[in-house]
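Hi everyone, thanks for coming. Let me put the sequence and structure up, and then we can walk through it together.

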Amino acid sequence: MDFGSIATYSTTALAQGEDCTGFRSFLSTGLPQYDSQSFEFFGHLVDDQGEVNSIALMSQGNTVIPGLQVPWLTMEESGLIFNRLSLDEGPRFGGIDGLADISVPTTIGYAPWSIHVEQQSTGDPEQIVDMRVVSGAVGAVGSVYELTVSVETGMAGSPAREWATLSVRAKDLTGIIQWGYGPNGFFPLWMFDGEPLPASGGPIPTTDQRTPIMGSYGGDIGAYLEATGDPMTGQGSQYYSMPLVEVEEWSVQIGSSYVASGTEGLLFFDNLTETYNDAAQYVVGDGYEWTEFSVQLPGSLQGMLIATTGQREVGELHYAMLGGAGSSQAVNGTLEPTANWPQGAIHITPTADTWTSPHSCYVYHLEYDVQLDGSPTRPAAALVFRATAPDQELNALGRAVYEGLFSYSGTLDGGAVSGYAWGEIQGVPPTGTPVPPHC
């Protein structure tokens with residue numbers, strides 16, 4: 001099967017890498033031929049009393065059977081996470097799921113860019129997740145976005161459900177960063193070592209990428225890709241972000257108990273599209289994990305991605321990238337990273353500060369030390385990330401993950417920095433069979 005251009009690294013610009021129009025069209029077109037396509041806004045909102053709340057809203061389309069793409073048949077998952085951090089009660093979440101354009105009407109529009117997902121059950125109000133440009137063009141500096149959500153929400157461990165409505169108006173300060181490598185923003189997720197993967201359908205052969213990347217190219221994946229042209233078929237993604245979307249005004253109502261509004265906050269936008277081959281399907285379905293921080297640097301108008309991904313058969317892969325003000329602009333109007341650290345220069349270490357979820361009994365690290373070694377071509381960084389509240393576990397669709405707001409402080413390029421980052425943390429499952437909340 002042809003998995004499509006998104007599944008391979010290419011030094012040749014595709015439509016989305018050739019010019020600004022092609023790129024904006026790429027962001028505004030449904031892509032059911034790929035395994036996953038997601039659009040997400042996440043970050044924090046400050047209410048009129050100075051309280052900080054975390055927020056995430058998303059629209060994500062996944063193939064019903066991963067690896068077997070059927071045009072115009074995708075499972076749409078859209079929703080809202082809202083966490084009143086000062087209460088430390090955990091996030092309130094809810095949303096929409098079903099077959100796109102069959103049980104869940106879904107549209108992605110261009111000029112202006114807009115995404116609209118809706119669903120209605122008999123006797124209930126209509127659920128809506130809506131994201132759109134109201135001034136400017138998607139990805140352009142200064143463009144204004146309006147986000148509107150109306151969904152039924154609940155909290156982990158509670159049968160109670162309440163309707164939540166949210167409205168946010170925010171302006172992009174930086175433009176969109178094209179993470180990764182090459183003109184199309186290819187983003188590797190792991191490295192093979194040449195050993196066959198022991199899949200249930202028989203061993204899956206792989207090439208040896210780890211030895212040359214770590215040896216001949218000093219851990220620099222970008223240098224390896226440019227020199228070898230390794231297509232890395234089926235194990236990549238294209239990843240684009242607006243790291244600084246400044247909130248101008250917002251309001252929320254949850255049932256009859258909570259109403260709030262404000263004029264402060266900062267959001268991070270991600271667009272991620274992925275396609276996998278057989279080897280990749282095995283990797284992601286057999287214990288694949290990640291720890292990632294999406295870092296906002298409003299003082300310098302920049303953003304960072306810092307992460308470790310891994311699975312026992314393919315080992316770990318680290319990435320750390322910096323972009324924004326000072327970045328070169330690619331021909332498609334996106335910004336290229338100003339710094340991209342090699343494997344051996346990235347050190348992500350959890351501390352002893354942990355939290356045991358009373359909802360799942362998983363154990364999560366709440367604090368991480370990050371060291372990024374500098375060189376003549378990239379800055380050094382020493383950062384500490386801390387969860388802004390202990391309970392930020394999301395337990396939905398049968399899967400528990402820690403996803404929420406972190407604060408950070410430290411140094412970057414010799415200067416003091418601090419602010420917020422969005423963290424996605426995998427937990428350690430409990431031993432035995434404890435029954436929450438008695439973990």
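A word on the ground rules first. This is a predicted model, where local features need pLDDT of at least 70 and side-chain atom pairs count only at pLDDT 80 or more, while totals for chains, interfaces and linings use all residues. Residues are numbered from 1 along each chain as its sequence is written, and side-chain values use heavy atoms, with hydrogens and water left out.

So, which cysteines form a disulfide? C361 and C439 do, with sulfur atoms 2.0 Å apart; the cut-off for calling a disulfide is a pair of cysteine sulfur atoms within 2.5 Å. The structure holds 1 disulfide. C361 sits in the loop between β20 (354-356) and β21, and C439 in the segment after β26 (415-425), so the bond ties together parts that are 78 residues apart in sequence. Strands here are DSSP runs of E with at least two residues, helices are runs of H or I with at least four, and both are numbered from the N terminus. The torsion about the S-S bond is about -75 degrees, so this disulfide is left-handed.

Next, the salt bridges. There are 7 in the structure, each a side-chain nitrogen of Lys or Arg within 4 Å of a carboxyl oxygen of Asp or Glu. Take R92 and E162, which meet at 3.3 Å, N to O. R92 belongs to strand β4 (residues 92-99) and E162 to strand β9 (residues 161-172), so this pair ties together parts 70 residues apart in sequence. R92 is buried, at 15%, and E162 is partly exposed, at 24%.

R169 and E146 pair at 2.7 Å, N to O. R169 is in strand β9 and E146 in strand β8 (residues 144-155), 23 residues apart. These two also belong to a salt-bridge network with D130, R132 and E248. Then R312 meets D286 at 2.9 Å, N to O, and R312 is exposed, at 62%.

Now for the spaces inside. Searching the whole structure finds 2 cavities of 30 Å³ or more. On a 1 Å grid over the protein atoms alone, a cavity is a set of points where a 1.4 Å probe fits but cannot get out, a pocket is an open set with protein on both sides within 12 Å along at least five of seven lines, and lining residues have an atom within 4 Å of a point. Points are joined across faces, edges and corners, and a volume is the space filled by probe spheres set on them.

The largest cavity is about 50 Å³. β17 gives the largest share of its lining, 5 residues. The second largest cavity is about 30 Å³, and its lining includes F42, F268 and W422.

Last stop: the second largest pocket, with about 330 Å³ of space. It is lined by 16 residues, and E289, W290, T291, T308 and E316 are the closest to its centre.

Key
Buried means under 20% relative accessible area, exposed over 50%, partly exposed in between (1.4 Å probe, protein chains only).
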